[in-house]
Amino acid sequence: MLLLSAIDRQALVRLLAAYRLRLQLLPASEPIPGSYWGESEAGLRGDVLFARLDTPLHSALHEAAHYICMTRERRAALDRDAGGDDAEEVAVCYLQILLADALAGISRAHMYDDMDRWGYSFRLGGARAWFEQDAADARSWLLEHGLIDSVQALTGALRG
């Protein structure tokens, strides 16, 4: 699993900042505020994504994608539980793969593998098969909300 300790964290900071989201790195011994899953998983409170160096990149990008995909009202009250419905959740999974692509040295393949290892569940059995063959609903959701464009490029926008 690819951890934050193994990536260019400044690139991650720049990516998150484009979405008005701040990365707060914590010492290894500290619990992560706003973490839905606990342990080393990333957490969200307001416009801050909390993580440690042992936080998996997929977790940080998944939580960032939740922040990007949620409504303005939910972002304003955000503390731990991103909420949302099933359609938004699949859009979040799709977006985290696109966000990985935006980081130098990180590929979709990294994200597919880490999502599968963590236990994300898809009808076709794996993240790659889902992304390439079964994610039209996620792409449509992201396009409808202005988070990607017609060629699946990130727009840098937050959901309004």
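The legends below describe several views of one predicted protein model.

Residues are numbered from 1 along each chain as its sequence is written, and side-chain values use heavy atoms, with hydrogens and water left out. Because the model is predicted, local features need pLDDT of at least 70 and side-chain atom pairs count only at pLDDT 80 or more, while totals for chains, interfaces and linings use all residues.

**Figure 1. The whole protein.** The protein has 7 helices and 3 strands; helices (H or I, at least four residues) and strands (E, at least two) are DSSP runs, numbered from the N terminus. Read from the N terminus, the order of the elements is α-β-β-β-α-α-α-α-α-α. The radius of gyration is 14 Å, close to the 15 Å that the globule rule gives for 160 residues, so the protein is as compact as a globular protein of that length. That radius is taken over C-alpha atoms, and the globule rule is 2.2 Å times the number of residues to the power 0.38. The C-alpha trace spans about 40 × 35 × 25 Å along its principal axes.

Figure 2. Of the 160 residues in the protein, 47% are buried. Buried means under 20% relative accessible area, exposed means over 50%, and partly exposed lies in between (1.4 Å probe, protein chains only). A contact means heavy atoms within 4.5 Å. Among contacts between residues at least 6 apart in sequence, 56% join residues at least 24 apart. The accessible surface is about 7,600 Å², and 49% of it belongs to carbon and sulfur atoms; these areas come from the Shrake-Rupley method with a 1.4 Å probe, and for residues only the protein chains shown count as cover.

**Figure 3. Helix H1 and its buried side.** Helix H1 covers residues 9-17, and its buried residues are Ala 11, Leu 12, Leu 15 and Leu 16. They cover an arc of only 135° around the axis, which puts them on the same side of H1. The arc is that of the directions from the helix axis to the C-beta atoms. An α-helix has 3.6 residues a turn, so residues three or four places apart point the same way. The buried residues of H1 pack against strand S1 (22-26), helix H2 (57-69) and helix H4 (86-101).

**Figure 4. Ala 51 in strand S3.** Strand S3 covers residues 48-52 and contains Ala 51. With a relative accessibility of 0%, Ala 51 counts as buried. Leaving out residues up to four places away in sequence, Ala 51 touches Leu 4, Leu 23, Gln 24, Leu 25, Leu 26 and Ile 32. Gly 38 is 13 residues from Ala 51 along the chain, and their C-alpha atoms are separated by 11 Å.

**Figure 5. Glu 88 in helix H4.** Glu 88 lies in helix H4. Is Glu 88 buried or exposed? Its relative accessible area is 2%, so Glu 88 is buried. Not counting residues up to four places away in sequence, Glu 88 touches His 66, Cys 69, Met 70, Arg 74, Gly 83, Trp 141 and Arg 159.

**Figure 6. Thr 71 and the end of the numbering.** Thr 71 is in the loop between H2 and helix H3 (72-76). Its relative accessible area is 17%, so Thr 71 is buried. When residues up to four places away in sequence are not counted, Thr 71 touches Arg 159 and Gly 160. Thr 71 and Gly 160 are 89 residues apart in sequence, and their C-alpha atoms are 5.9 Å apart in space.

Figure 7. In helix H7 (residues 136-144), the buried residues are Ala 138, Trp 141 and Leu 142. Seen down the axis of H7, they fall within an arc of 95°, so they line one face of the helix. Their cover includes H2, H4 and helix H6 (127-133). In helix H5 (residues 108-118), Met 111, Tyr 112, Asp 114 and Met 115 are buried, and they pack against H2, H4 and H6. Gly 119, with a positive phi near 115°, follows H5, and Gly 146, with a positive phi near 75°, follows H7.

Figure 8. Glu 39 is not a glycine, and its phi is positive, near 50°. Glu 39 is in the loop between S1 and strand S2 (43-45) and counts as exposed at 72% relative accessibility. Gln 152, also not a glycine, has a positive phi of about 70°. Gln 152 belongs to the segment after H7 and is partly exposed, with a relative accessible area of 30%.
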